[in-house]
Amino acid sequence: MSLLIINIKSLLQVRENTPGFLSGDEMKTLPSIENAFLKIENDTITNYGKMEDLSDTNADEIIDAKGKFVLPAWVDSHTHIVYAGNREQEFVDRINGLSYEEIFERGGGILNSAKKLQETPEEELYKQSKKRLDNVVRMGTGAIEIKSGYGLTTDAELKMLRVIKRLKADYPGMIKSTFLGAHAFPLEYRENHQGYIDLLCNEMIPAIAEENLADFVDAFLETGYFSVEETERVMQAGKKYGLKAKIHVNQFTAIDGIESCVKNDALSVDHLEIVTDADIEVLKGSKTMPVALPTCSFFITIPYTPARKIIDAGLPLAIASDYNPGTTPSGNMNLVVATACIKLRMTPEEAINAATINGAYAMDLLSTHGSITKGKKANVMITEKLNSFYEIPYNFGDMLIEQVIINGKRI
Ligand SMILES: N=CN[C@@H](CCC(=O)O)C(=O)O
Ligand SMILES: [Zn+2]
């Protein structure tokens with residue numbers, strides 16, 4: 001099966017060779033080809049160039065993209081889309097003055113979702129999650145990381161991860177799964193942290209590795225959740241089974257968690273609403289990708305990640321949705337890109353780099369996703385007719401993506 005897209009007004013994020021992640025000033029540039037074509041064979045990008053250089057027009061299907069932009073599908077490196085029910089009552093409680101932390105202290109928040117998930121059969125959980133996944137794919141997400149972390153018992157965590165495994169089988173090549181058993185201490189372990197960490201490290205992680213259910217390990221490193229030492233135990237237990245760490249950190253407080261993540265070779269540190277100068281220093285020269293979650297800040301009214309401070313210090317930055325029932329019930333990456341521009345003061349070029357190449361790095365998918373490069377997966381989107389790609393974030397809340405192609409197939 002071959003597909004040829006012709007007359008593309010501008011083909012964005014064209015990289016002849018996949019670069020490493022993009023840092024600092026490198027993020028300011030989005031390489032493009034004007035009046036371009038793109039050739040896809042089966043699930044792979046096989047050629048691209050200027051229309052005047054197109055010699056072979058043979059293809060099973062031809063799409064005329066006159067006036068339209070083509071770019072790589074979004075790479076959403078941080079989500080929790082497998083969950084049961086939702087938490088709209090907490091949304092209203094926050095409007096009425098309660099904070100996210102106060103809701104958690106009253107037994108809501110993550111524990112509320114855990115109770116619902118434990119009571120939901122696997123098939124129903126799969127159905128609810130697949131609906132959300134289909135929806136974000138239609139909005140242009142071509143690769144997605146999905147976390148567990150609403151189970152908090154061995155059985156319920158395994159149930160979540162098995163649902164992710166089924167989704168992986170249904171959407172080949174585009175999903176990575178992360179074990180987030182260290183999301184919150186279950187009530188019965190509130191006074192026995194050691195007991196829960198033992199359960200995570202000695203029972204859950206080995207069971208997950210046995211069934212090959214996770215690619216990464218995560219923890220909520222935060223005041224009132226998991227301490228630096230507790231998170232280190234989880235990262236080290238994961239490492240024994242080949243699971244790289246991707247850690248929730250610095251959402252509400254800075255407690256030297258980033259330093260510990262860097263020391264433990266974390267692939268990414270995510271949230272970063274509160275970032276100190278010392279945090280910036282430890283990230284310099286490391287292989288750990290900072291990940292901002294702008295629509296989380298928007299939804300629960302907390303500070304926005306200081307993207308300018310991070311990028312202007314010469315660091316890389318990825319952006320992701322954090323799609324989850326508590327802090328971000330949306331996986332619309334177009335809105336994430338717009339919020340990054342509007343609230344984090346990232347330029348559209350920086351935001352698109354953060355949502356494609358740098359997102360792919362944060363999922364260990366840089367060799368296959370995140371850019372228009374020969375040999376990479378044919379995961380691309382075609383916009384409607386636009387004057388400029390700046391309209392994608394400018395028209396925030398609108399869907400300007402007209403066609404999504406995943407693994408060479410139109411969605
Ligand atoms: N902050 C930790 N975890 C999720 C929210 C979890 C929840 O409230 O359900 C997040 O990334 O925002
Ligand atoms: Zn999260």
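The buried residues of helix α5 pack against α3 (110-119), α4 (122-138), β7 (141-147), β8 (175-182) and α6 (193-210), where contact means C-beta atoms, placed from the backbone, within 7 Å. These buried residues of α5 are Ala156, Glu157, Leu158, Lys159, Met160, Leu161, Val163, Ile164 and Leu167, a residue being buried if 20 or more other C-beta atoms lie within 10 Å of its own. Helix α5 covers residues 154-170, and at 1.5 Å a residue its 17 residues should span 24 Å, which agrees with the 24 Å between its end C-alpha atoms; the expected span is 1.5 Å times one less than the number of residues.

The model is predicted, with local features needing pLDDT of at least 70 and side-chain atom pairs pLDDT 80 or more, while totals for chains, interfaces and linings use all residues. Residues are numbered from 1 along each chain as its sequence is written, and chains are lettered from A and ligands numbered from 1 in the order in which they are written.

Seen as a whole, the protein has 15 helices and 16 strands, which are DSSP runs (helices H or I, at least four residues; strands E, at least two) numbered from the N terminus. Of its 411 residues, 52% count as buried, and among contacts between residues at least 6 apart in sequence, 73% join residues at least 24 apart.

Around ligand 1 stand Gly109, Ile110, Ser113, Phe220, His248, Gln251, Cys296, Asp322, Asn324, Pro325, Gly326 and Thr327, each with its C-beta atom, placed from the backbone, within 6 Å of the ligand.

Notes
A residue is buried if 20 or more other C-beta atoms lie within 10 Å of its own, exposed if 12 or fewer, and partly exposed in between; C-beta atoms are placed from the backbone. Two residues are in contact if their C-beta atoms, placed from the backbone, lie within 7 Å.
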